[in-house]
Amino acid sequence: MTDLKSMTPEELTQWCKEQGQPAFRGKQIFQWFSRGVESVEEMTNLPKALREKIARECAFTPPVVERKQVSNQDGTIKYLWRLADGNCIETVLMRYHHGNSVCISSQVGCAMGCAFCASTLGGRVRNLTAAELLDQVIFTQKDSGYPISNIVLMGIGEPLDNYDNVKKFLTLVNHPDGVNIGMRHISLSTCGLVKGIDRLAEEGLQLTLSVSLHAPDDETRSSIMPVNRATGVDELFAACHRYFQKTGRRISYEYALIDGVNDTPRHAALLGDRLEGTVAHVNLIPLNHVEESPLKPSTHVAAFQKQLEKRGITATVRRRLGSDIDASCGQLRRKAMKAAGQKDRG
Ligand code: SAH
């Protein structure tokens with residue numbers, strides 16, 4: 001099987017030539033994929049022989065809505081998609097005044113093991129292909145009817161642990177013949193894979209890098225994020241500094257406030273020491289409680305924010321969208337898996 005849906009128009013053009021087809025067919029095929037066709041029959045401007053060839057040779061299956069939840073509070077829509085191989089992933093559509101934003105998954109499950117995160121509980125099953133990344137944007141737009149202007153890679157999985165496919169996805173989604181979303185409208189979030197951050201810096205993309213920091217010191221960070229045991233906070237900040245030097249793009253730090261773990265005045269002071277005088281933005285997130293975890297949301301969010309702001313560090317508290325629909329971090333997939341497990345056990 002050829003994964004035509006993960007190809008750029010240029011690669012599709014090459015493929016068409018190899019099939020003895022005129023070059024312009026490549027762009028046509030790409031445009032059909034970008035519109036979210038669900039069968040080859042819909043590609044009406046292609047000759048029948050080529051359509052048959054595509055149907056025979058191409059892994060075509062679009063994602064299927066397994067579950068869809070719409071928030072009564074703010075219109076957030078959460079999709080649980082079933083992929084061709086039966087695995088499920090989540091995508092969340094968030095509606096803001098400045099446009100609609102989609103939060104997509106990068107892997108089935110996650111290997112990073114963060115203590116507060118539901119996505120990682122079952123480990124990593126596999127990477128998503130570029131086409132599976134792209135289809136989340138295309139089919140969320142198609143099913144919801146809301147045009148999407150922003151993308152955040154903040155769903156299930158660690159994007160820099162699936163580097164090549166994520167890079168390919170960025171090329172596809174940014175392509176003028178396709179969905180055509182500008183790099184400045186895309187954010188990529190990482191738990192801090194230093195090699196990946198350095199590689200990304202070399203690409204010179206205008207996207208926003210978000211780093212899931214969650215603690216300013218090794219002791220605290222290693223206790224909740226296993227990734228920190230391999231590369232500590234010093235190394236992480238050094239990579240962030242290199243990233244900024246190279247790209248000139250301000251880094252956004254995610255900080256989920258967890259009761260008694262990382263939310264004390266001492267933590268705020270240490271974070272201040274790290275960030276004072278740097279070009280950074282801190283996103284404070286009240287922890288979303290995950291059923292399987294003993295960790296609780298902090299009650300000191302405002303005080304933490306104030307302490308940072310006093311030192312001239314921009315810190316915003318993220319508005320919680322879709323909290324009535326499990327709209328965060330692998331919770332819906334987790335629920336579906338548990339329900340399926342219970343069924344299996346009879
Ligand atoms: N693996 C990437 C992207 C996916 S997670 C990363 O780590 O950045 C998206 C964001 O949600 C991360 O900042 C993650 O740390 C955060 N997150 C995970 N579980 C959370 C929870 N229970 N409450 C609040 N934020 C959470």
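Student: Which residues does asparagine 283 touch, not counting residues up to four places away in sequence?
Tutor: This is a predicted model. Asparagine 283 sits in strand β11, residues 280–286. Leaving out residues up to four places away in sequence, the residues it touches are Ser252, Tyr253, Glu254, Tyr255, Thr316 and Arg318.

Student: Is asparagine 283 buried or exposed?
Tutor: The cut-off for buried is under 20% relative accessible area. Asparagine 283 has 12% relative accessibility. That value falls under the cut-off, so asparagine 283 counts as buried.

Student: How confident is the predictor in the protein chain, as an average pLDDT?
Tutor: Of the residues, 93% score at least 70. Residues 342–346 stay under 50, and for them the model has zero contacts beyond four places in sequence. Over the protein chain, the average pLDDT is 93.

Student: Turn to the ligand. Which residues come nearest to it?
Tutor: There are 18 residues around the ligand. By class, this shell has nine nonpolar, seven polar and two charged residues. Those that come nearest are Phe116, Ser189, Ser212, His214 and Asn288.

Student: How far is an oxygen atom of the ligand from an N or O atom in the side chain of serine 189?
Tutor: A ligand nitrogen lies 3.0 Å from a backbone N or O atom of glycine 157. A ligand nitrogen is also 3.0 Å from an N or O atom in the side chain of glutamate 158. For the ligand oxygen and the side chain of serine 189, the distance is 2.6 Å.

Student: How much of the ligand's accessible area does the protein cover?
Tutor: On its own, the ligand has 530 Å² of accessible area.

Student: Which elements give two or more residues to the shell around the ligand?
Tutor: Serine 189, with its side-chain atom 2.6 Å from a ligand oxygen, is found in strand β8. Strand β8 covers 186–190, and β10 covers 251–257. The elements giving two or more residues to the shell are β8 and β10.

Student: Which residue's side chain does serine 189 join in a polar contact of 3.5 Å?
Tutor: Serine 189 counts as buried, at 9% relative accessibility. Beyond four places in sequence, its contacts are Leu153, Met154, Glu158, Pro159, Ser210, Ser212 and Glu254. The polar contact of 3.5 Å between side chains is with serine 212.

Student: Where does leucine 153 lie, and what is the C-alpha separation between leucine 153 and serine 106?
Tutor: Leucine 153 lies in strand β7, residues 148–153. It is buried, with a relative accessible area of 2%. Its contacts beyond four places in sequence include Ile104, Leu133, Val166, Phe169 and Ser189. Serine 106 is 47 residues apart from leucine 153 along the chain, and their C-alpha atoms are separated by 7.0 Å.

Student: What is the phi of histidine 214?
Tutor: Histidine 214 is placed in the loop between β9 (208–212) and α7. It is buried, with a relative accessible area of 5%. Although histidine 214 is not a glycine, its phi is positive, at about 65°.

Student: Is asparagine 180 buried, exposed or partly exposed?
Tutor: Asparagine 180 is in the loop between α5 (163–174) and β8. Its phi is near 60°, a positive value in a residue other than glycine. Buried means under 20% and exposed over 50%. At 46%, asparagine 180 falls in between, so it counts as partly exposed.

Student: What is the C-alpha separation between glutamate 219 and glycine 232?
Tutor: Glutamate 219 is found in helix α7, residues 218–224. It is exposed, with a relative accessible area of 68%. Along the chain, glutamate 219 and glycine 232 are 13 residues apart. Their C-alpha atoms are separated by 9.3 Å.

Definitions and conventions: Residues numbered from 1 in each chain as written. Predicted model: local features only at pLDDT ≥ 70, side-chain atom pairs only at ≥ 80, totals over all residues. Heavy atoms only, no water. pLDDT = per-residue confidence, 0-100. Contact = heavy atoms within 4.5 Å. Helix = DSSP H or I, 4+ residues; strand = E, 2+ residues; numbered from the N terminus. Buried < 20%, exposed > 50% of the residue type's maximum accessible area, 1.4 Å probe, protein only. Near = heavy atom within 4 Å. Polar contact = N/O pair within 3.5 Å; in protein donor to acceptor, adjacent residues only side chain to side chain. Areas by Shrake-Rupley, 256 points an atom, 1.4 Å probe, with all protein chains shown as cover. Nonpolar A, V, L, I, M, F, W, Y, C, P; charged D, E, K, R; others polar.
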